[in-house]
Amino acid sequence: MTSRLSEIRLVLLGFGNVNQELCRIISTKSEQLRLCYGVNLNVVGVSDSRHALFNRKGFNLSSLVSTKQKEKTLESVASQQSVSKYTDTLEMMSKNWSNFELLVDSSPMNLQTGEPGLSCVRQALKRGKQVVLANKSPLVVAFDELTTTQDATKSCWIKYSATTCGGLPVINVITRDLMTNKNKPMCHLKKIEGIFNSTTNFILTQMFNHAKQSHKNTLAENNGPIHKQQHGSTFDRTLQEAIRRGIAEADPSNDIKGFDTCAKLYIILKSFGVRDIAFEKMKDQYTRGIDLVDDSLIQSALRQGKVIRLIAKAFPQPQSTQTHPPWNISVSPELVDEHSFLGRCEETDMCIQIETDLFDTISMKTNEWGVTPTAAAVLRDILSFVTDHTMQQQKAKL
Ligand SMILES: NC(=O)c1ccc[n+]([C@@H]2O[C@H](COP(=O)([O-])OP(=O)(O)OC[C@H]3O[C@@H](n4cnc5c(N)ncnc54)[C@H](OP(=O)(O)O)[C@@H]3O)[C@@H](O)[C@H]2O)c1
């Protein structure tokens, strides 16, 4: 941070949906940022799959976003005189350590290696930079290492509230309001349960809507048992619909197989200070996706007054042994009552229920459509650095 906190210079790793939307929010809220936080957020570095560009004066955000959206590349930005070009984000950062304060990682998720985010995040933290993540993978691969850097140096931090459930403040509630600081835990987790992936929730809800409609049509026509009414399974058709509407990514396998939900559950449990868990084991042994949910399962659920949701769940085993790990963990499609909290989490909703020894059960739910809440969560984390820093300065003056 600069001395009077008047300017924070940002490097953006990845320039897709999230970081473009972050730029749009920073640009439209610049006056409030100055008035309310006394801060000017200046984007000085940006990278995508083909370019890593640095502009010491800062980029014009509206023009940066519109160029990327119109031309699908940052080629014309790279040719501007004030812009320096590098082979990748790591090189860009290493040539500019004194020219920026904060890295935002919104690069693609890679649950195996954590790259390209992990190397950049590691280096940035080592150099005392603040880091804000929308990308889950660095935490999935190296949660302890990255969050311990934070504790050990006390001069750099990582914040990641945008990694779990978009704008829903799950991580903030856990780490701040539930008093779960891993070094001074006051509050103990009894159970966590939720729906953390909006793409799969949308698909499951649509499958139920189709099945209900088909059931009504069948009754109206008094035409015997329910049949498939169109080509292909309901699952495939609904998935294609989700991709067409921009709800699912072109390659939705991490969502469909439950891996994205598993990654979020892992980050949430680690934020609670849970130690004895390994992401790979959670993913390979305790995770099942929604790809096996077919029309017959949906109709059987309907007959029981239930719906199917992809539920992430964890609770401590009453008596853990070597064969039974201390945590009972699952990510799996489950039957839930249609009118329950989880059952009423529909379409692109996400939700969580957290049961602890001190706060009983806290339930939170969000309906998100589009990327704005995630980008706003990134901004929330950036601004919490500003607030933390202001408080430290005020304390130092006392
Ligand atoms: N979208 C959401 O609602 C949401 C919500 C929560 C979390 N997230 C997470 O946030 C991250 C970003 O999501 P998004 O929707 O913004 O993804 P996106 O639209 O696919 O954008 C990813 C960006 O990363 C760039 N990129 C790819 N390889 C790179 C590399 N080696 N170095 C630098 N940049 C590279 C891409 O470049 P090109 O432009 O050249 O392809 C693109 O600009 C992901 O990890 C995602 O899981 C997203």
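Q: Is D360 buried or exposed in this predicted model?
A: The model is predicted, and local features count at pLDDT of at least 70. A residue is exposed when its relative accessible area is over 50%. D360 has 55% relative accessibility, so D360 counts as exposed.

Q: In which strand is D360 found, and what is its phi?
A: D360 is found in strand β12, which covers residues 360-367. D360 is not a glycine, yet its phi is positive. The value is about 55°.

Q: How does E347 count by accessibility: buried, partly exposed or exposed?
A: E347 sits in the loop between β10 and β11. Its phi is positive, near 50°, and E347 is a residue other than glycine. E347 has 26% relative accessibility, so it counts as partly exposed.

Q: Which residues does R344 touch, leaving out those up to four places away in sequence?
A: R344 also lies in a loop, the one between β10 (327-337) and β11 (349-356). Residues up to four places away in sequence are not counted here. That leaves E338, H339, D349 and K365.

Q: How far apart in space are R344 and T205, C-alpha to C-alpha?
A: In sequence, 139 residues separate R344 and T205. In space, the C-alpha to C-alpha distance is 10.0 Å.

Q: What share of the chain's contacts with a separation of 6 or more joins residues 24 or more positions apart?
A: The chain has 15 helices and 12 strands. Take its contacts with a separation of 6 or more. The share from residues 24 or more positions apart is 73%.

Q: What percentage of the chain's residues is buried?
A: The chain has 398 residues. A buried residue has under 20% relative accessible area. Buried residues make up 51%.

Q: Why does the span of helix α1 agree with its number of residues, and how far apart are its end C-alpha atoms?
A: Helix α1 runs over residues 17-28, which is 12 residues. Its buried residues include V18, L22 and I26. At 1.5 Å a residue, α1 should span 16 Å. That agrees with the distance between its end C-alpha atoms, 17 Å.

Q: Is K68 buried or exposed?
A: K68 lies in helix α3, residues 61-71. Its relative accessible area is 14%. The cut-off for buried is under 20%. So K68 is buried.

Q: Which side chain makes a polar contact of 2.9 Å with the side chain of K68?
A: Leaving out residues up to four places away in sequence, K68 touches F15, Q20, D48, T73 and L74. A polar contact of 2.9 Å joins the side chain of K68 to that of D48.

Q: Which residues come nearest to the ligand?
A: There are 21 residues around the ligand. By class, this shell has 9 nonpolar, 9 polar and 3 charged residues. The nearest are F15, V18, S49, K68 and S107.

Q: How much of the area that the ligand exposes alone does the protein bury?
A: Oxygen atoms of the ligand are 2.9 Å from a polar backbone atom of F15 and 3.1 Å from one of G16. A nitrogen atom of the ligand is 3.3 Å from a polar backbone atom of D48. Taken alone, the ligand exposes 900 Å², and the protein buries 70%.

Q: Which residue is joined to P116 by a cis peptide bond?
A: P116 has its place in the loop between β5 (102-105) and α6 (117-126). Omega of the cis bond is about 10°. The residue joined to P116 is E115.

Definitions and conventions
Residues are numbered from 1 along each chain as its sequence is written. This is a predicted model: local features need pLDDT of at least 70, side-chain atom pairs count only at pLDDT 80 or more; totals for chains, interfaces and linings use all residues. Side-chain values use heavy atoms; hydrogens and water are left out. Helices (H or I, at least four residues) and strands (E, at least two) are DSSP runs, numbered from the N terminus. The expected span of a helix is 1.5 Å times one less than its number of residues. Buried means under 20% relative accessible area, exposed over 50%, partly exposed in between (1.4 Å probe, protein chains only). A residue is near a molecule or strand if one of its heavy atoms lies within 4 Å of it. A polar contact is a pair of N or O atoms within 3.5 Å; within protein, one must be able to donate a hydrogen and the other to accept it, and residues adjacent in sequence count only if both atoms are side-chain atoms. Accessible areas come from the Shrake-Rupley method with a 1.4 Å probe; for residues, only the protein chains shown count as cover. Ala, Val, Leu, Ile, Met, Phe, Trp, Tyr, Cys and Pro count as nonpolar, Asp, Glu, Lys and Arg as charged, and the others, Gly among them, as polar. Contact means heavy atoms within 4.5 Å.
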